[in-house]
Amino acid sequence: QVQLVESGGGLVQPGGSLRLSCAASGNIFAIYDMGWFRQAPGKQRELVATITSAGTINYVDSVKGRFTISRDNAKNTVYLQMNSLKPEDTAVYYCNGDILSRAITRRLYWGQGTQVTVSS
(Lines give C-alpha, C1' and ligand atoms only; values in the text may rest on other atoms or scores of the structure.)
Protein backbone atom coordinates (compact mmCIF):
# COMPACT_ATOMS: atom_id res chain seq x y z
CA GLN A 1 0.00 0.00 0.00
CA VAL A 2 1.31 3.45 -0.95
CA GLN A 3 0.07 6.72 0.50
CA LEU A 4 0.72 10.38 -0.19
CA VAL A 5 -0.06 12.80 2.63
CA GLU A 6 -0.03 16.58 2.14
CA SER A 7 0.39 19.18 4.85
CA GLY A 8 1.00 22.91 5.18
CA GLY A 9 -2.16 24.46 3.79
CA GLY A 10 -4.07 27.22 5.51
CA LEU A 11 -5.29 30.79 5.38
CA VAL A 12 -2.84 33.52 4.37
CA GLN A 13 -3.12 37.16 3.40
CA PRO A 14 -2.32 38.33 -0.15
CA GLY A 15 1.43 38.67 -0.54
CA GLY A 16 2.07 36.03 2.09
CA SER A 17 3.81 32.67 1.87
CA LEU A 18 3.05 29.03 2.58
CA ARG A 19 5.07 25.85 2.23
CA LEU A 20 3.28 22.63 1.30
CA SER A 21 4.77 19.21 1.92
CA CYS A 22 3.78 15.84 0.52
CA ALA A 23 5.28 12.69 1.97
CA ALA A 24 5.02 9.33 0.25
CA SER A 25 5.06 6.22 2.41
CA GLY A 26 4.38 2.51 2.25
CA ASN A 27 5.57 -0.25 -0.02
CA ILE A 28 7.72 1.94 -2.27
CA PHE A 29 10.50 0.74 -4.54
CA ALA A 30 11.04 3.90 -6.58
CA ILE A 31 9.46 7.31 -7.18
CA TYR A 32 9.70 8.94 -10.59
CA ASP A 33 7.95 12.25 -11.39
CA MET A 34 6.19 14.11 -8.59
CA GLY A 35 3.94 17.10 -8.92
CA TRP A 36 1.47 19.56 -7.50
CA PHE A 37 -1.96 20.29 -8.94
CA ARG A 38 -4.73 22.54 -7.71
CA GLN A 39 -8.48 22.79 -8.10
CA ALA A 40 -10.43 25.96 -7.41
CA PRO A 41 -14.20 25.89 -6.86
CA GLY A 42 -16.03 25.44 -10.15
CA LYS A 43 -12.82 24.88 -12.11
CA GLN A 44 -10.94 21.90 -13.45
CA ARG A 45 -7.86 20.57 -11.71
CA GLU A 46 -4.76 22.20 -13.18
CA LEU A 47 -1.06 21.48 -13.11
CA VAL A 48 0.99 23.78 -10.89
CA ALA A 49 4.48 22.27 -11.02
CA THR A 50 6.27 18.99 -11.62
CA ILE A 51 9.72 17.67 -10.80
CA THR A 52 11.40 14.55 -12.14
CA SER A 53 13.59 12.22 -10.12
CA ALA A 54 16.58 13.88 -11.81
CA GLY A 55 15.39 17.34 -10.76
CA THR A 56 13.96 18.67 -14.02
CA ILE A 57 11.23 21.17 -13.17
CA ASN A 58 8.20 22.56 -14.96
CA TYR A 59 5.80 25.31 -13.81
CA VAL A 60 2.51 26.65 -15.07
CA ASP A 61 3.05 30.22 -16.28
CA SER A 62 0.83 31.77 -13.61
CA VAL A 63 3.16 30.69 -10.77
CA LYS A 64 6.57 31.17 -12.36
CA GLY A 65 8.79 33.37 -10.21
CA ARG A 66 6.52 32.92 -7.17
CA PHE A 67 6.39 29.17 -6.48
CA THR A 68 9.29 26.75 -6.08
CA ILE A 69 8.97 22.97 -6.23
CA SER A 70 11.64 20.77 -4.68
CA ARG A 71 12.02 17.22 -3.46
CA ASP A 72 14.00 15.24 -0.92
CA ASN A 73 14.45 11.78 -2.40
CA ALA A 74 15.80 10.37 0.87
CA LYS A 75 12.54 11.34 2.58
CA ASN A 76 10.24 10.55 -0.38
CA THR A 77 8.89 14.07 0.00
CA VAL A 78 8.02 16.85 -2.43
CA TYR A 79 7.60 20.48 -1.38
CA LEU A 80 5.94 23.55 -2.83
CA GLN A 81 7.15 26.90 -1.55
CA MET A 82 4.55 29.51 -2.43
CA ASN A 83 5.47 33.19 -2.16
CA SER A 84 3.66 36.39 -3.15
CA LEU A 85 0.36 34.56 -2.91
CA LYS A 86 -2.67 36.01 -4.68
CA PRO A 87 -6.39 35.44 -4.11
CA GLU A 88 -6.51 33.54 -7.39
CA ASP A 89 -4.14 30.95 -5.88
CA THR A 90 -6.97 29.88 -3.60
CA ALA A 91 -7.66 26.19 -4.25
CA VAL A 92 -7.32 22.69 -2.92
CA TYR A 93 -3.75 21.61 -3.67
CA TYR A 94 -3.03 17.98 -4.48
CA CYS A 95 0.29 16.22 -4.86
CA ASN A 96 0.89 13.18 -7.01
CA GLY A 97 3.68 10.74 -7.60
CA ASP A 98 4.53 8.21 -10.30
CA ILE A 99 5.50 5.33 -8.01
CA LEU A 100 6.77 1.79 -8.49
CA SER A 101 5.78 -0.32 -5.51
CA ARG A 102 7.71 -3.31 -4.20
CA ALA A 103 4.88 -5.40 -5.60
CA ILE A 104 6.18 -4.24 -9.01
CA THR A 105 3.10 -2.17 -9.73
CA ARG A 106 3.69 1.26 -11.18
CA ARG A 107 0.98 3.89 -11.23
CA LEU A 108 0.11 7.46 -10.34
CA TYR A 109 -0.85 8.03 -6.73
CA TRP A 110 -2.64 11.12 -5.37
CA GLY A 111 -2.78 12.75 -1.98
CA GLN A 112 -6.02 13.76 -0.28
CA GLY A 113 -5.53 17.49 -0.86
CA THR A 114 -4.86 20.48 1.35
CA GLN A 115 -6.82 23.74 1.28
CA VAL A 116 -4.99 26.99 0.54
CA THR A 117 -7.00 30.18 0.99
CA VAL A 118 -5.55 33.60 0.15
CA SER A 119 -7.71 36.34 1.56
CA SER A 120 -7.50 39.53 3.57
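Predicted model: local features only at pLDDT ≥ 70, side-chain atom pairs only at ≥ 80, totals over all residues.
In soluble globular proteins, nonpolar side chains tend to be buried together. In the present model, the largest nonpolar core comprises 30 residues, of which Trp 36, Leu 80, Met 82 and Tyr 93 touch the most other members. Contributions of at least two residues each come from strands S1 (2-7), S3 (18-26), S4 (28-39), S5 (46-51), S7 (67-72), S8 (77-82), S9 (91-101) and S11 (114-118). When its neighbours within four places in sequence are left aside, Met 82 is in contact with Gly 16, Ser 17, Leu 18, Leu 20, Arg 66, Phe 67, Tyr 93 and Val 116.

Strands S9 and S10 form a hairpin with 4 residues between the strands, in which Ile 104 takes a positive phi near 60 degrees.

A pair of aromatic rings is described by the distance of the centres and the angle of the planes. The count for the model comes to 1 aromatic pair. This pair is formed by Phe 37 and Trp 110, whose ring centres lie 5.1 Å apart and whose planes meet at 65 degrees, so that the arrangement is edge-to-face. Because Phe 37 lies in strand S4 and Trp 110 in strand S10, the pair ties together parts that are 73 residues apart in sequence. As regards accessibility, Phe 37 is buried, with a relative accessible area of 18%, whereas Trp 110 counts as partly exposed at 34% relative accessibility. Trp 110 is also approached by a charged side chain, in that Arg 45 lies over the face of its ring at 4.7 Å from the ring centre. Arg 45 lies over the face of Tyr 94 as well, at 3.8 Å from that ring centre.

The number of disulfides comes to 1, and the link joins Cys 22 to Cys 95 with an S to S distance of 1.9 Å. The angle about the S-S bond is 50 degrees, and the link of Cys 22 and Cys 95 is right-handed. Since Cys 22 belongs to strand S3 and Cys 95 to strand S9, the pair ties together parts that are 73 residues apart in sequence. Both Cys 22 and Cys 95 are buried.

Strand S3 also contains Ser 21, which counts as buried at 18% relative accessibility, the cut-off for this class being under 20%. Apart from its neighbours within four places in sequence, Ser 21 is in contact with Val 5, Glu 6, Ser 7, Trp 36, Val 78 and Tyr 79. Of these contacts of Ser 21, Trp 36 is one of the residues that touch the most other members of the largest nonpolar core.

How values were computed:
Residues numbered from 1 in each chain as written. Heavy atoms only, no water. Core = buried A, V, L, I, M, F, W, Y, C linked by side-chain atoms within 4.5 Å. Buried < 20%, exposed > 50% of the residue type's maximum accessible area, 1.4 Å probe, protein only. Contact = heavy atoms within 4.5 Å. Pairing = 2+ DSSP bridges. Phe/Tyr/Trp six-rings, centres within 6.5 Å; stacked < 30°, edge-to-face > 60°. Lys NZ or Arg CZ within 6 Å of the ring centre and 35° of its normal. Disulfide = S-S within 2.5 Å.
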